[in-house]
Amino acid sequence: MGPFIIRRLLWTVLLLILISGITFFIFYELPTADPAALRAGRSPSPETLALIREQLGLDKAWYSQLWTFLSDLFFHFDFGTSYVNDLPVREQLFERIPATGFLVLGAAVVWVVVGVSIGIVSAVFRGTVWDRLLMGGALLAISAPVYWLGLVALYLFSDDIGKFGILPGSGSYQDADGFFEKGHALVMPWFVLSMAFAAIYARLLRANLLETLSEDYIRTARAKGLSERRVVLRHAIRSAVTPIVTVLGLDIGILFGGAILTETVFNIPGVGRYAFDAIERGDLATIQGTTVFLALGVAVMSLIVDVIYAYLDPRVRY
Amino acid sequence: MALLEVRNLSVQFETDDGVVQAVDGISYSVDQGQALGIVGESGSGKSVSSLTVMGLTRARNARISGEIHFDGKDLLAASAEDLRQIRGNEIAMIFQDPLSSLHPFYKIGKQLVEAVQVHQDMTKAQARDRAIEMLGLVGIPDPRKRIDSYPHEFSGGMRQRVMIAMALINDPKLLIADEPTTALDVTVQAQILDLIQRLQSELGTAVVMITHDLGVVAEVADDIAVMYAGRIIEKATKETIFAKPQHPYTWGLLKSIPRLDTPRDQELVPIAGRPPSLIVKPQGCSFHPRCPYRHDACLPQDPPLEPVPQDPGHGVACVLAHDRREQIWAELRSHA
């Protein structure tokens, strides 16, 4: 296991360098917009532009720019400086991680619990009305865009504009203090964000479980005289959830890079909201920072997933 | 009274393609400590009939009729819970592929302990001791250490030994072995059969051995039932089946296995054609389309299993006259 983790870590670093490099080329070398013009603000003089070019090092050759960018990032963990307010991107990003983390992890708990339960019920009662209702509902939940769901939820349940004002609405997270108040403010975002995921996990688990239930070792478990409950919950689920762990890890990694739509609809000051604002303002350094951060999240989570998988499936040895 | 008595058992499955007549009115019985071999091709209904004894074919699309009596209990009328308590406790089963039949994620110790604890009021430590004892009994070397291994860490033969240990751990009265040696190497097959025989005589367990391999039943069984297309077409003691078979299908099976006591240039004779569909069965005797001795009398109806003259324990389902059957078998044997 040790050598495997080291090998994977080295690959992860290599992957991050590659992704950062690609990000750099997309933003600085492809003729999308002139970074200096973005930085300079409205109708700058040619002198200002030249000055900014020098400050940002844009007048240097591309490889030396790339080197500066990568060495800042990897040796100093420096994500650059925001074009808008001149603050370091790293600090601003890190400030927003707790909000995103709370949102994503809470939602992950909701969608795993809901998705797995629905998946089990659907598989065990396969072909019945319950199965069809639940799978139909899942299809609806997958098809509904998260911003639309968010707006509908706010319209129905938020305590300011909602028809049944029972939950804190948009922007309440920012005003909330302490763990429980913040958690209360996140109830609606958790459910909105987890709807589609819960539906996907339910379908995935149902399919896995149906496959597992026809395995020989399930027949053995029944032949041993185990109760059907134990057969499903101990023997079948154990195999059926294992692939779901992989998907879960990557989903959390991706969302850590910003649950952009949810954070925007509910006005939660997280990484996604930060990226959204940066895109609106053309804040290149910040966009780039959040992009690299997203890549980091996915790479680290996929490493964690691989390690967990080896524990879950004793046949896997690295 | 017989330990297991199956009477006129039929099992049908409703599928999208039609009703599958998997088992079509079979009867057999197994006495305490006896071994019955059920022989037939894939799809002859031999596995389905045994899974039905275990109550494992109960499903929404299954239609089961007939009678199954085990140790004085009516298994077809038994509730799911009663059956569950019999399964793994009084009737145990082992399967064809021991790798896929053991849960890949659990250590074998856990799977054995679970089998004990579901039926007996034992602590984990007691159940574990029992598991180690059983692993030793089935010939797993160093069971105290091996109990903490995962199934994939065993060889095929050792895995089947683990399955046998798990099946016999609660001292069942009946062991159903469904093709227990099919997935194993020939040398390992013999070891597993020896093991089953040894345990059968030591523990007094009755055995139903399901196989397509006459060599396997020759080793283990006292009685043999030959199944074809969901029916038993011949039933007798092992000696009788090998010495005086009466059904053309049994002849075909016997002629298609290689023997050491025949000349080497003797060709094996496969049975022509393929097993029939169980959805649309041939009219009359199910075997007649493949039978070299078919004639008009085969068509009107599927012949019932009837005792052979002078041997009431030997049943055969064929419309050929007894004399004619004796004559054909004598010819077949002299060619060999």
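Colleague: How many residues of domain 1 of chain A are in contact with domain 2 of chain A?
Modeller: 22 residues of domain 1 of chain A touch 20 residues of domain 2 of chain A. Contact means C-beta atoms, placed from the backbone, within 7 Å. This is a predicted model: local features need pLDDT of at least 70, side-chain atom pairs count only at pLDDT 80 or more, and totals for chains, interfaces and linings use all residues. Residues are numbered from 1 along each chain as its sequence is written, and chains are lettered from A and ligands numbered from 1 in the order written.

Colleague: Which element gives the largest share of the domain 1 side?
Modeller: α1(A), with 9 residues. Helices are DSSP runs of H or I, at least four residues, numbered from the N terminus.

Colleague: And by class, what is that side made of?
Modeller: 15 nonpolar, 6 polar and 1 charged residues. Ala, Val, Leu, Ile, Met, Phe, Trp, Tyr, Cys and Pro count as nonpolar; Asp, Glu, Lys and Arg as charged; the others, Gly among them, as polar.

Colleague: Switching to chain B. Which residues of α5(B) are buried?
Modeller: B:Ala127, B:Arg130, B:Ala131, B:Met134 and B:Leu135. Buried means 20 or more other C-beta atoms within 10 Å of the residue's own, exposed 12 or fewer, partly exposed in between; C-beta atoms are placed from the backbone.

Colleague: Why are they on the same side of α5(B)?
Modeller: Because they cover an arc of only 140° around the axis. The arc is that of the directions from the helix axis to the C-beta atoms.

Colleague: What is exposed on the face turned away?
Modeller: B:Ala125 and B:Glu133.

Colleague: What covers the buried residues?
Modeller: The cover includes α4 (108-119), α6 (143-146) and α7 (156-168) of chain B.

Note on methods
Helix = DSSP H or I, 4+ residues; strand = E, 2+ residues; numbered from the N terminus. Contact = placed C-beta atoms within 7 Å.
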